[in-house]
Amino acid sequence: MENKTEGRLLKHRETKKKHRKGLGSMNSIYLISGILLAVICFLYGMVVLSAGSGTGFFVVWFLMGGGFAGLGVFLHLELWTKMPGLLQRAILILAAAGILLFVVVEGMIISQMSQKGKNGLDYILVLGAQVNKDGPSRSLKYRLDKAAEYMEGNPDTLCVVSGGQGFNEPFSEAEGMADYLLEKGIPKEKLILEAESKTTAENITNSRKLMRESASVGIITNDFHMFRALQIARSQGMKNICGISAASTKSFLPNNMLREFFAEIKYLIKKTM
């Protein structure tokens, strides 16, 4: 009888030892995964910073890196298991809701990334982006190249270039855009400059004042920005519009898609207030 009891105790101890070993392995995986994700985020943030996009959004990648590292340490120290069950469930529900929201918004963004527009429009509206001393940024060049391509095939269409001067820009975005299109052979009389806007909403509001009432308009912007641009235009009462998507730099697409997610949430919050 004593031998059976000792056998059970020994088996129980071995099971607990294996369980602790398994937890230790998982905790190490959590820590390594957190650090690895943190390094990836930090390096990508450095890549975004080096691009000189004119925004400080690269900081988000550093913050995400810090968050992943902290989460890895948190799980490694088994702090999650020490939290009250109710708090655990609340955190999991909020995390699931956040992930669902992110997936839905990104799905809507993706759904509008391949807009082709149509021929014979009265106007095309090119939304501004960063300009430098040596010319438009890469994102803006994609938009302007698409505008030049459209104008070549539709010579009767007028082109509105919209964008004011930011604190880190040598001149207004509209001026830089017009100069680029002139070099591409677009006639000066086909260009209309709107050089006051600071945001996408202002781009559309101010540009509408320069167009004929009820005119057909094609909005040109980068693929990742198209959903929000059309959303804002429709919210301002523009009906006879379509999107003409320009390409974007694929290596910066994760950054641009994440930035658009936050921009969309900000837009929806402002709209409901």
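These questions and answers concern a predicted model.

Reader: Which strand holds Ser162, and is Ser162 buried or exposed?
Author: Strand E4 covers residues 158-162, and Ser162 is in that strand. Residues under 20% relative accessible area count as buried. Ser162 has 0% relative accessibility, so it is classed as buried.

Reader: How many residues of E4 are buried?
Author: Ser162, at 0% relative accessibility, counts as buried and belongs to E4. The strand is mostly covered, and of its five residues the number buried is four.

Reader: In what sense do E4 and E5 pair, and what is the bridge partner of Cys159 in E5?
Author: Strand E5 takes in residues 191-194, and four bridges link it with E4. The sense of this pairing is parallel. For Cys159, the bridge partner in E5 is Leu191.

Reader: Which helix makes a β-α-β unit with E4 and E5?
Author: E4 and E5 pair in the parallel sense. Together with a helix of residues 173-183 they make a β-α-β unit, which is right-handed. That helix is H5.

Reader: Which residues of H5 are buried, and what do they pack against?
Author: The buried residues of H5 are Glu173, Ala174, Gly176, Met177, Ala178, Tyr180 and Leu181. The elements that the buried residues of H5 pack against are E1, strand E2 (131-132), strand E3 (135-136), H4, E4 and E5.

Reader: Where does Asn168 lie, and what separation do the C-alpha atoms of Asn168 and Asn132 have?
Author: Asn168 is in the loop between E4 and H5. It counts as partly exposed because its relative accessibility is 32%. Along the chain, Asn168 and Asn132 are 36 residues apart, while their C-alpha atoms are separated by 8.3 Å.

Reader: What volume does the largest pocket have, and which residues lie nearest its centre?
Author: The space in the largest pocket comes to about 1400 Å³. Its lining holds 46 residues. Those nearest the centre are Thr55, Gly128, Ala129, Gln130 and Arg259.

Reader: Which helix gives the largest share of the lining of the largest pocket?
Author: At least two lining residues come from each of helix H4 (138-153), helix H6 (200-208), helix H7 (226-235) and helix H8 (253-272). The largest share amounts to ten residues, and its source is H8.

Reader: How many residues in the lining of the largest pocket are nonpolar, polar and charged?
Author: This lining is made up of 46 residues. By class they divide into twelve nonpolar, 23 polar and eleven charged.

Reader: What is the volume of the second largest pocket, and how many of its lining residues are charged?
Author: The second largest pocket has a volume of about 220 Å³. Its lining includes Arg208, Met211, Glu213, Ser214 and Lys239. Five of the lining residues are nonpolar and three are polar, and the number charged is four.

Reader: What phi does Ser214 take, and is Ser214 buried or exposed?
Author: Ser214 is in the loop between H6 and strand E6 (217-222). It is not a glycine, yet its phi is positive, at about 65°. The relative accessible area is 63% and the cut-off for exposed is over 50%, so Ser214 is exposed.

Reader: Where does Glu78 lie, and what is its phi?
Author: Glu78 is found in the loop between helix H2 (58-76) and helix H3 (85-111). With a relative accessibility of 32%, Glu78 counts as partly exposed. Although Glu78 is not a glycine, its phi is positive, at about 60°.

Terms used: Residues are numbered from 1 along each chain as its sequence is written. This is a predicted model: local features need pLDDT of at least 70, side-chain atom pairs count only at pLDDT 80 or more; totals for chains, interfaces and linings use all residues. Side-chain values use heavy atoms; hydrogens and water are left out. Buried means under 20% relative accessible area, exposed over 50%, partly exposed in between (1.4 Å probe, protein chains only). On a 1 Å grid over the protein atoms alone, a cavity is a set of points where a 1.4 Å probe fits but cannot get out, and a pocket is an open set with protein on both sides within 12 Å along at least five of seven lines; lining residues have an atom within 4 Å of a point. Grid points are joined across faces, edges and corners, and a volume is the space filled by probe spheres set on the points. Ala, Val, Leu, Ile, Met, Phe, Trp, Tyr, Cys and Pro count as nonpolar, Asp, Glu, Lys and Arg as charged, and the others, Gly among them, as polar. Two strands pair if DSSP finds at least two bridges between them. A crossover is right-handed if, with the strands pointing away from the viewer, the path from the first strand over the helix to the second runs clockwise. Contact means heavy atoms within 4.5 Å.
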